[in-house]
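Please look at the sequence and the structure below, and keep both at hand while you read.

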Amino acid sequence: MIKNKTIKFIIFLFCMLHLSGCVFISHDYLVAEGINNAEEIVIIKNSSTREGFLNAVKDWMARNNYEYSVIEPGESKLSDYEWALDYKGIWKWDITIFLNDAEIRAFRNGQEVGNAKYNVGKIGR
């Protein structure tokens, strides 16, 4: 089930980024086995990444019926939570601002168990 959600998320990102110009996307992901059964997923806020990225993650979590909360970095240790996510996004400018690199990592009891990495590049560069 998480695989279908992951594929839908990849397609969603591709469509968003493709609308901003001719791009290619490379992606790599490792499914976090068992996350579908999580009672709650803690999202660790990344203040150096645009707020829109966090909003997109929260919207996706809500649409897919995951219970979640958002905490500030350093508020507690990853090992304090059964399931946690952290993320980062890097934007670039080329006629418009676009998401160039993104990474979401999943942790279970403090150990990284899954991730999704996306890199967008312009064709011809």
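Glu 103 lies in strand E5, where helices (H or I, at least four residues) and strands (E, at least two) are DSSP runs that are numbered from the N terminus. At 17% relative accessibility Glu 103 counts as buried, a word that here means under 20% relative accessible area, while exposed means over 50% and partly exposed lies in between (1.4 Å probe, protein chains only). Leaving aside neighbours within four places in sequence, Glu 103 is in contact with Asp 86, Tyr 87, Lys 88, Ala 116 and Lys 117, and contact means heavy atoms within 4.5 Å. This is a predicted model, in which local features need pLDDT of at least 70 and side-chain atom pairs count only at pLDDT 80 or more, whereas totals for chains, interfaces and linings use all residues. Residues are numbered from 1 along each chain as its sequence is written, and side-chain values use heavy atoms, with hydrogens and water left out.

Turning to the chain, there are 2 helices and 6 strands, and from the N terminus on these elements run α-β-β-α-β-β-β-β. The chain has 125 residues, of which 38% count as buried. Among the contacts with a separation of 6 or more, 64% are between residues 24 or more positions apart. The accessible surface of the chain comes to about 7700 Å², with 52% of it belonging to carbon and sulfur atoms; such areas come from the Shrake-Rupley method with a 1.4 Å probe, and for residues only the protein chains shown count as cover.

In soluble globular proteins, nonpolar side chains tend to be buried together. A nonpolar core is a set of buried Ala, Val, Leu, Ile, Met, Phe, Trp, Tyr and Cys residues joined through side-chain atoms within 4.5 Å. The largest such core has 19 residues, and those with the most contacts inside it are Ile 35, Ile 41 and Met 61. Two or more residues come from each of strand E2 (41–44), helix H2 (51–63), strand E4 (83–94), strand E5 (96–108) and strand E6 (111–122), and H2 gives the most, with 5 residues. Not counting residues up to four places away in sequence, Met 61 touches Ile 41, Ile 43, Tyr 66, Tyr 68 and Leu 85. A second, separate core of 5 residues includes Val 42, Ile 44, Ile 71 and Phe 107.

Strand E3 is the place of Val 70, a residue that is partly exposed, with a relative accessible area of 35%. When neighbours within four places in sequence are left aside, Val 70 is in contact with Ile 43, Lys 45, Leu 54 and Lys 58. The C-alpha atoms of Val 70 and Ile 41 are separated by 8.7 Å, and these two residues are 29 residues apart along the chain.

Which rings form pairs? The whole structure holds 2 aromatic pairs, counted when rings of Phe, Tyr and Trp (its six-membered ring) have centres within 6.5 Å; planes under 30 degrees apart count as stacked, over 60 as edge-to-face and the rest as tilted. The rings of Phe 53 and Tyr 87 have their centres 5.3 Å apart and their planes at 10°, so this pair is stacked. Phe 53 in helix H2 and Tyr 87 in strand E4 are 34 residues apart, and the pair links distant parts of the chain; both residues are buried. The rings of Trp 60 and Tyr 66, with centres 5.9 Å apart and planes at 20°, are therefore also a stacked pair. Trp 60 is buried, with a relative accessible area of 16%, and Tyr 66 is buried at 8%.

Side chains of opposite charge can pair when their charged atoms come close. A search of the whole structure finds 5 salt bridges, each a side-chain nitrogen of Lys or Arg within 4 Å of a carboxyl oxygen of Asp or Glu. One of them joins Lys 45 to Glu 51, the closest N and O atoms being 3.8 Å apart; Lys 45 is partly exposed, with a relative accessible area of 23%, and Glu 51 is partly exposed at 41%. Another joins Glu 82 to Arg 108, with the closest N and O atoms 2.9 Å apart, and this pair links distant parts of the chain, since Glu 82 is in the loop between strand E3 (68–71) and E4 while Arg 108 is in strand E5, 26 residues apart.

The side chains of Arg 105 and Asp 86 also meet in a salt bridge (2.5 Å, N to O). Arg 105 lies in strand E5 and Asp 86 in strand E4, so the pair ties together parts that are 19 residues apart in sequence. Arg 105 is partly exposed, with a relative accessible area of 27%, whereas Asp 86 is buried, with 16%. Salt bridges that share partners join Asp 86, Arg 105 and Glu 112 into one network.
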